[in-house]
Amino acid sequence: SGYLATTAALIQAKALRRPAGVASLAQEKALIASDSLKVYENFRLLSLFPIGVFTLVGGVAVLYAVSGWVCSFGLAIVLLVMCLSVYLSTVLKGLEHSALEAADERISITTQIVEAIKAIKYSAWEESLLKMVTTARVAEVAMLKRHRRV
């Protein structure tokens, strides 16, 4: 399906941006886990685009038919709000990228711990690994809080 093909292409593009030799199995799983849900959400929102275009064109036509040239003031305000929206979405995109990197790091650490749980138990490394996961989670939550404030 189109969703699976797009998901695979985006994951491959993200994996190719990583430095050579860095990607482990845990990192590949983290890529798939965090990116597939994000791609699904973007496709869901993309389906609303045609409705938005028709609503905008129809609204402008009705507004012009009702009020004539005076509607240009309202359209100027709409354009101003749209420009502000584009600016804010650019800022949010950068914050979201940082939040996704923090989530990828936490998922990678957690996956590595799960895969090596026997060795961790035998070596009594629970406390040090708990600190690693907690540090990664704190960084992720800090990015999410920053993202939500904007």
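Student: Before that, what kind of model is it, and how are residues numbered?
Tutor: This is a predicted model, in which local features need pLDDT of at least 70 and side-chain atom pairs count only at pLDDT 80 or more, while totals for chains, interfaces and linings use all residues. Residues are numbered from 1 along each chain as its sequence is written, and side-chain values use heavy atoms, with hydrogens and water left out.

Student: How many helices and strands does the protein chain have?
Tutor: The protein chain has six helices and zero strands. Helices (H or I, at least four residues) and strands (E, at least two) are DSSP runs, numbered from the N terminus.

Student: What percentage of the residues count as buried?
Tutor: Of the 150 residues of the protein chain, 18% are buried. Buried means under 20% relative accessible area, exposed over 50%, and partly exposed in between, with a 1.4 Å probe and protein chains only.

Student: How far does H4 reach?
Tutor: Helix H4, residues 71–115, has 45 residues and reaches 63 Å from its first C-alpha to its last, close to the 66 Å expected at 1.5 Å a residue. The expected span is 1.5 Å times one less than the number of residues.

Student: And H6?
Tutor: H6 has 24 residues and reaches 34 Å between its first and last C-alpha, close to the 34 Å expected at 1.5 Å a residue.

Student: How do H4 and H6 cross?
Tutor: Their axes come within 9 Å and cross at roughly 160 degrees. Axes are lines fitted to C-alpha atoms, for helices over the stretch in contact, and angles run from 0 to 180 degrees between N-to-C directions. H4 and H6 are therefore roughly antiparallel to each other; angles over 145 degrees count as roughly antiparallel.

Student: Which residues meet there?
Tutor: Among them are Leu95, Ala99, Arg106 and Ile109 in H4, and Leu129, Ala136, Met143 and His147 in H6. The residues of this contact divide into 14 nonpolar, three polar and five charged. Ala, Val, Leu, Ile, Met, Phe, Trp, Tyr, Cys and Pro count as nonpolar, Asp, Glu, Lys and Arg as charged, and the others, Gly among them, as polar.

Student: Which residues of H6 are buried, and what covers them?
Tutor: Leu129, Ala136, Glu140, Met143 and His147 are buried in H6. Their cover includes H4 and helix H5 (117–123).

Student: Why does Ala136 count as buried?
Tutor: Its relative accessibility is 9%, so Ala136 counts as buried. Not counting residues up to four places away in sequence, Ala136 touches Arg106 and Ile109, where contact means heavy atoms within 4.5 Å. The C-alpha atoms of Ala136 and Ile109 are separated by 8.2 Å, although these residues are 27 apart along the chain.

Student: What about His97, then?
Tutor: His97 is in helix H4, and at 45% relative accessibility His97 counts as partly exposed. His97 and His147 are 50 residues apart in sequence and 9.9 Å apart in space, C-alpha to C-alpha.

Student: Changing topic, what follows H3?
Tutor: H3 is followed by Gly68, whose phi is positive, near 75 degrees.

Conventions
Angles under 35 degrees count as roughly parallel, over 145 as roughly antiparallel, 65 to 115 as roughly perpendicular and the rest as oblique.
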